[in-house]
Amino acid sequence: MSDLVIHNLHVNIGDREVLKGLDLVIEQGKVHALMGPNGNGKSTLAYAIMGHPAYTVTAGEILFKGQNILELEPDQRSRLGIFLAFQYPVAIPGVSVANFLRTALNSRRKAVNPEDKGIPIPEFRRLLRERMDLLKMDHAFAGRYLNDGFSGGEKKRAEVLQMATLRPEIAILDETDSGLDIDALRIVSEGVNALRGPGMGVLVITHYQRILNYIKPDYVHILLNGSIVECGGPELALHLEEHGYDWIREKVNS
Ligand code: ADP
Ligand code: MG
């Protein structure tokens, strides 16, 4: 029911076409991995799903909960239950992690129930502490300005903390593994695994197999030159790890 259905998606950055008729269904309750060489449009897909204004959809549709979300603003898409963990998170000096998360959470609660008065502060503090413990984060993190002076690994954890607090129905993780050392990767992956379940579909974007050892995907898709060219199970990621992308380029071109 709450699958995210992408059909024949064409996306331009400026006058350059980056996505060229992409089809993908992110199933509710499943973990999908999206792999592909750099520069082939993985982040472009993530931004187009979220509604980034620099990414112009010229054809196709993205359906979620019975509507074409391309007509919605990014904040409306977020309130509908779609979440993106950025590849390159932006710092927001002056806004603490706790304030940011409470505002975002209340906005999402209000979208579900217009009568909602917002989460009581003690309950929010408890929730935040619990989620930070899940990700083995120091509680002092909550008082710091969002991403301001954070290390690469801290930024990625802060993204997953947002996901863990907002509990989206569709979560897109764009190269959350990059910049994480092996311990942080394991902790972040355990966090995602603790949250996965029938209520959440996940799209893990990566170009390394490594994170998929921890977050086991149900499906693996390969994005090459603006469209999905191959789909399979976890074995496809292992095959890529061993053989690289050349075989798939040759197969597509023949
Ligand atoms: P991936 O995430 O797979 O590495 P991207 O979606 O980021 O790839 O990029 C796809 C293509 O679009 C690349 O050739 C990249 O150089 C180009 N591109 C991405 N962002 C911009 C931008 N802001 N302006 C111009 N070109 C861009
Ligand atoms: Mg990218």
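## Helix 8 and Asp 246

Asp 246 is found in helix 8, which spans residues 246-253; helices (H or I, at least four residues) and strands (E, at least two) are DSSP runs, numbered from the N terminus. This is a predicted model, in which local features need pLDDT of at least 70 and side-chain atom pairs count only at pLDDT 80 or more, while totals for chains, interfaces and linings use all residues. Residues are numbered from 1 along each chain as its sequence is written, chains are lettered from A and ligands numbered from 1 in the order in which they are written, and side-chain values use heavy atoms, with hydrogens and water left out.

With a relative accessible area of 49%, Asp 246 is partly exposed. Buried means under 20% relative accessible area, exposed over 50%, and partly exposed in between (1.4 Å probe, protein chains only). From C-alpha to C-alpha, Asp 246 lies 32 Å from Val 160 in space, and the two are 86 residues apart in sequence.

## The protein chain as a whole

The secondary structure of the protein chain comprises eight helices and twelve strands. Its radius of gyration is 18 Å, close to the 18 Å that the globule rule gives for 254 residues, so the chain is as compact as a globular protein of that length. This radius is taken over C-alpha atoms, and the rule is 2.2 Å times the number of residues to the power 0.38. Along the principal axes, the C-alpha atoms fill a box of roughly 60 × 40 × 35 Å.

Of the 254 residues in the protein chain, 50% are buried. Among contacts (heavy atoms within 4.5 Å) between residues at least 6 apart in sequence, 69% join residues at least 24 apart.

The magnesium ion (ligand 2) is coordinated by Ser 43 (OG) and Gln 87 (OE1), at 2.1 to 2.3 Å. Ser 43 lies in helix 1 (residues 42-50) and Gln 87 in the loop between strand 6 (82-85) and strand 7 (92-96), so the pair ties together parts that are 44 residues apart in sequence. Donors are N, O and S atoms within 2.8 Å of the metal (3.2 Å for Na, K and Ca); water is not among the atoms, so sites may look incomplete. Both Ser 43 and Gln 87 are buried.

Nine of the nine residues of helix 1 are buried, so this helix is largely enclosed by the rest of the structure. Among them are Lys 42, Thr 44, Leu 45 and Tyr 47. Just after helix 1, Gly 51 takes a positive phi of about 95°.
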